[in-house]
Amino acid sequence: MPKPVVLIAEQLAQSSLDVLGTEFEIRNVDGADRGALLPALEEADAILIRSATKVDAEALAAAPNLKVVARAGIGLDNVDVPAATAKGVLVVNAPQSNIITAAEHALALLLAVARKIPAADASLRAGEWKRSRFTGVELADKTVGVVGLGRIGQLFAARVAAFGTTVIAYDPYLQPARAAALGVRLVDLPTLLATSDVISIHLPRNPETLGLIGAAELATVKPGVLIVNAARGGLIDEQALADALTEGRVAGAGIDVYSTEPLAPDNPLRSAPNTVLTPHLGASTSEAQDKAGTAVARSVKLALRGDFVPDAVNVQAAGPVSDELRPWIPLVSRLGTILTAVAGGVPSDVVVEVRGDLAAEDASILQLAAVRGIFGNVITEAVTFVNAPALAAEHGLTLSGTSTEDTGDYRSSVTLRAAMPDGASRTVSGTLSGQNQVAKLIEINSRHFDLRAEGNLLVVAYADRPGVMGTVGALLGSAQVNIEAAQISQELGGRAAIMVLRVDGVPDPELLDRIGDTVDASAIRAIPES
């Protein structure tokens, strides 16, 4: 089998390539060169980018094998996430990689503006000694307004508080109790603008935040305020900010990001007084670059192996996936495969029932895992956590989930309860057992089992009578198929039985037919190793 092709579109640290290892074919391209990028995408299974490579609908259309777009950084302005989602392409970033670096850069800009360091340096290098021209302001006892108290905003708030400041914040999505725990008081945006001596912006760029602070807002700020934006360009109206700086209402500004990058020659901030401008350096430390590259390289490895990727941004499951929940994802996917095989087709409705301690977790990702298993062996296209909802809708499958803290026979378990198009119902259940969390099949259609859910499985439904197990074993043995484990579970109060065997190879259809005819099976299904 050829190795999956990983396309490196921008420079990454050697540590990132080391994470990828030798299981992929690494190719390089200049992602900013459109003429080189599009042909290179034709055979790519994954592409790793930074900010210069644009992965839009055109690029996605040129990449029929693409499974993952990995952005070595936080922002995704250069990735068409909806178009990727429509194609079932996973989009990942490195949300934790540069949060410290970005917070530190915002603080560096603030200090540089407050003490007029760049202008003083330029004056001294020009042969001048004009100390009075560069009188700055102290941060101690000032009110610092943080606009956006996410991960970076929180880090900035903690650091600037160490200067003896009072920190207030505007963030409509943060609970007041969380802000209080951080030592920050939440206020509305007009209050923040009117009372802050320093305003630092830490928001993403989206339709809600674009142009959030314009001329009208800057007219209400406290005279002499210092403004810092090391988050995203376009959050502040640049012309309005330049005018406020010229008028003196805003005493100084430290800006790292711009509405158009690279910074246009006619950008009004270039000539505005009392500004410190840097060329989008918020993530530009060796530590952050290394963290971002290695993080997305790990995500690419997971994605191309078919595993769950924690940093996926376009997977429709609420909330982060905890360490407690993550081992259940492959088990539930396996249960979905078993369910389709046992049912003999795709169900019309599936309820994912979570029981026991696991009910305390947000288990919505398990519904997507079930879809991956249900369709994994019945359609030709790859089933991913990204396209699972669309595939379910396309095939008329309705998904839902329930949970109960009632443990039943196991500390935690998951059941897939399916309704078939003909009205019949089917169920399969599984659990993770022991310290090593061994994935086990524990129930099929109300029959109890205790069998590892791994490997190649053979499921035979038949009317129970003596000798069936021996007959099935003999037929498999004659075909050189070894039985590794087997269990039979009889219907309570009846004679119908289900036999589940784990075998070392997948029996061919002719052998399955021969076994079914010989034991008069009502159903026989082979389930390949996932």
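**Exercise 1.** Is Ala103 buried or exposed?

*Solution.* The relative accessibility of Ala103 is 0%, so this residue counts as buried. Here, buried means under 20% relative accessible area, exposed means over 50%, and partly exposed lies in between (1.4 Å probe, protein chains only). The model is predicted: local features need pLDDT of at least 70, side-chain atom pairs count only at pLDDT 80 or more, and totals for chains, interfaces and linings use all residues. Residues are numbered from 1 along each chain as its sequence is written, and side-chain values use heavy atoms, with hydrogens and water left out.

Next, locate the residue: Ala103 lies in helix H5. Helices (H or I, at least four residues) and strands (E, at least two) are DSSP runs numbered from the N terminus. Then list its partners: apart from neighbours within four places in sequence, Ala103 is in contact (heavy atoms within 4.5 Å) with Ile152, Leu155 and Phe156. Finally, 8.3 Å separates the C-alpha atoms of Ala103 and Arg159, which are 56 residues apart along the chain.

**Exercise 2.** Describe the setting of Asn93, a loop residue.

*Solution.* First, the loop that holds Asn93 runs between strand S5 (90-92) and helix H5 (99-114). Second, Asn93 counts as buried because its relative accessibility is 7%. Third, with neighbours within four places in sequence set aside, Asn93 is in contact with Arg71, Gly73, Ile74, Leu76, Val296, Asp311 and Val313.

**Exercise 3.** Which residues touch the most other members of the largest nonpolar core?

*Solution.* A nonpolar core is a set of buried Ala, Val, Leu, Ile, Met, Phe, Trp, Tyr and Cys residues joined through side-chain atoms within 4.5 Å. The largest such core has 74 residues, and Ile365, Leu366 and Leu416 touch the most other members. Helix H13 (residues 328-343) supplies the largest share of this core, nine residues. Taking Leu366 as an example, and not counting residues up to four places away in sequence, its partners are Leu325, Trp328, Ile329, Val332, Val352, Val354, Leu358 and Val414. A second, separate core has 29 residues, including Leu203, Val225, Ala253 and Ala272.

**Exercise 4.** Characterise the packing of H13 against helix H14 (residues 365-376).

*Solution.* Two packed helices are described by the angle between their axes and the distance between the axes. Axes are lines fitted to C-alpha atoms, for helices over the stretch in contact, and angles run from 0 to 180 degrees between N-to-C directions. For H13 and H14, the axes come within 6 Å and cross at roughly 40°. The two helices are therefore oblique to each other; angles under 35 degrees count as roughly parallel, over 145 as roughly antiparallel, 65 to 115 as roughly perpendicular and the rest as oblique.

From H13 the contact involves Trp328, Ile329, Val332, Ser333, Gly336, Thr337, Leu339 and Thr340, and from H14 Ile365, Leu366, Ala369, Ala370, Arg372, Gly373 and Ile374. By class, the contact of H13 with H14 has nine nonpolar, five polar and one charged residues. Ala, Val, Leu, Ile, Met, Phe, Trp, Tyr, Cys and Pro count as nonpolar, Asp, Glu, Lys and Arg as charged, and the others, Gly among them, as polar.

**Exercise 5.** Carry out the analysis for helices H16 (residues 468-478) and H17 (residues 509-519).

*Solution.* The axes of H16 and H17 come within 10 Å and cross at roughly 155°. H16 and H17 are therefore roughly antiparallel to each other, and their crossing is right-handed. Val468, Thr471, Val472, Leu475 and Leu476 of H16 make the contact with Leu511, Arg514, Ile515, Thr518 and Val519 of H17. By class, there are seven nonpolar, two polar and one charged residues in this contact.

**Exercise 6.** Which residues does the cis peptide bond join, and where does Pro262 lie?

*Solution.* The cis bond joins Glu261 and Pro262, with omega about -5°. Pro262 lies in the loop between strand S11 (250-255) and strand S12 (275-277).

Notes
Left-handed = near helix turned anticlockwise from the far one by under 90°.
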